[in-house]
Amino acid sequence: MAALTLARAYQHSFDTHPYSTLAVTGGCLNALGDVVAQVAQRTVGRGEKEDVPKYDVTRTARFFAYGVMISPFMGRWNLFLERRFPLRAIKGTNKVSLNALGKRVAADQLFMAPLGLAIFLSSMGIMEGRSPRQIGNRFKDLYSTALIANWRVWPLAQLINFRYMPLPYRVPFSQACGVFWTLYLSILNSEEDVRQDKELADRRQKVLNS
């Protein structure tokens, strides 16, 4: 009953304010992914008797901000795919065009996946106050690894999404599935932060010692 009430509330909000609804929903789901990531990192740190980092609220806020920013854009992208590759080849029938479905998934993975990853790495670097050089190094270190991981996971998820989910629920569905993807990106991004901070500290120490 509660799930049905929530679904009705979401549908009403989407019908009246589609992009603000997507923004808030996406922000919350992205923040949830980072919360899961930080809890997992803290749990592993305790198990390995490492120094357990304090929970970073600002980091979660950055993921929330990224979700708020990217979700309306993804909503427009899904609307474009809906119009460009209609699944119902013949109106009034229940037959799905597998050719159109394949084109949707291909367009999403070959165009939007690389672009979305680039937006993620750039926006996170900017929100963290990284220099252009550090952001460039982040791309060099992480981009190809994360993109290949994306192509191993997301084609099947998006196939299910485009085939079975109504248009208003496609972005929330992908972001709900993506909680664990966000966990992966969060940990990957966090590890790169540690590496870059250590590199910067070492460089400053060399300057002081010279």
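## Reading helices and ring pairs

Helix α4 covers residues 98-127, 30 residues in total. From first C-alpha to last, α4 reaches 41 Å, close to the 44 Å expected at 1.5 Å a residue.

User: Where does α4 bend, and by how much?

Analyst: This is a predicted model. In it, α4 bends by about 40 degrees at M112. A proline, P114, follows within four residues of that point. After α4 comes G129, with a positive phi near 75 degrees.

User: What is the overall pattern along the protein chain?

Analyst: The chain reads α-α-α-α-α-α-α. That is seven helices and zero strands.

User: How many aromatic pairs does a search of the whole structure find?

Analyst: Seven. Read each pair by centre distance and plane angle. Take Y10 and Y169: their ring centres lie 5.2 Å apart, with planes at 45 degrees.

User: Which parts of the chain does the pair of Y10 and Y169 tie together?

Analyst: Y10 lies in helix α1 (residues 2-16). Y169 lies in the loop between α5 (132-164) and α6 (170-177). The pair therefore ties together parts that are 159 residues apart in sequence. Ring pairs also bring in F14, making a cluster of Y10, F14 and Y169.

User: Is Y10 buried or exposed?

Analyst: Buried means under 20% relative accessible area. Y10 has 13%, so it counts as buried. Y169 has 22%, so it is partly exposed.

User: What kind of aromatic pair do F139 and Y143 form?

Analyst: A stacked one: 5.8 Å centre to centre, with 20 degrees between the planes. Now the general idea. An α-helix has 3.6 residues a turn, so residues three or four places apart point the same way. Here, F139 and Y143 are four residues apart in helix α5, so about one helical turn separates them. F139 is partly exposed, at 25% relative accessible area. Y143 also counts as partly exposed, at 21%.

User: Which charged end sits over the ring of Y19?

Analyst: That of R76. The charged end is 4.6 Å from the centre of the Y19 ring.

Conventions. Residues are numbered from 1 along each chain as its sequence is written. This is a predicted model: local features need pLDDT of at least 70, side-chain atom pairs count only at pLDDT 80 or more; totals for chains, interfaces and linings use all residues. Side-chain values use heavy atoms; hydrogens and water are left out. Helices (H or I, at least four residues) and strands (E, at least two) are DSSP runs, numbered from the N terminus. The expected span of a helix is 1.5 Å times one less than its number of residues. The bend at a residue is the angle between axes fitted to the seven residues ending there and the seven starting there. Rings of Phe, Tyr and Trp (its six-membered ring) pair if their centres lie within 6.5 Å; planes under 30 degrees apart count as stacked, over 60 as edge-to-face and the rest as tilted. Buried means under 20% relative accessible area, exposed over 50%, partly exposed in between (1.4 Å probe, protein chains only). A charge sits over a ring if NZ of Lys or CZ of Arg is within 6 Å of the ring centre and within 35 degrees of the ring normal.
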